[in-house]
Amino acid sequence: MIIEQFINEKIKQIQAYITAVFERTLHYTELDKFIVDTMEEWTLYSVNDETPGNAKERVFWHLMHEISLHGAQALNTDLFFKSEINTCLDFFADKGSYPIDCVGWRPLP
């Protein structure tokens, strides 16, 4: 699988996980587990600074880092954080613009 396919697949998955946490049909610990599993899977790819990326990938990594930092439980308790995450989801769905303050750095080995 190439990096772009990996990112596109993970974008769909993280959208589903976050939406389920918002709707309380999935416990937030499952989203936390998805983040850890995705980071582990990412280590299997050979990526460097020259590997091209795009805006959706940057937003994806921003989401990954933000949820790692705050924990998925914050989606249920922190309205500002939830709003920030919704802005990212809207961008993925082509319903919004690039999120302000989005710093989506791809992890490198």
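Arg106 is buried, with a relative accessible area of 15%; buried means under 20%, exposed over 50% and partly exposed in between, using a 1.4 Å probe and protein chains only. Keep in mind that this is a predicted model, where local features need pLDDT of at least 70, side-chain atom pairs count only at pLDDT 80 or more, and totals for chains, interfaces and linings use all residues. Residues are numbered from 1 along each chain as its sequence is written, and side-chain values use heavy atoms, leaving out hydrogens and water.

**Around Arg106**
- You'll find Arg106 in the segment after helix 5 (79–92).

**Helices**
- The chain has five helices and zero strands, and its pattern reads α-α-α-α-α.
- Helices (H or I, at least four residues) and strands (E, at least two) are DSSP runs, numbered from the N terminus.

**Overall build**
- The C-alpha atoms fill a box of roughly 40 × 30 × 20 Å along the principal axes.
- Buried residues make up 39% of the 109 in the chain.
- Take contacts (heavy atoms within 4.5 Å) between residues at least 6 apart in sequence: 74% of them join residues at least 24 apart.
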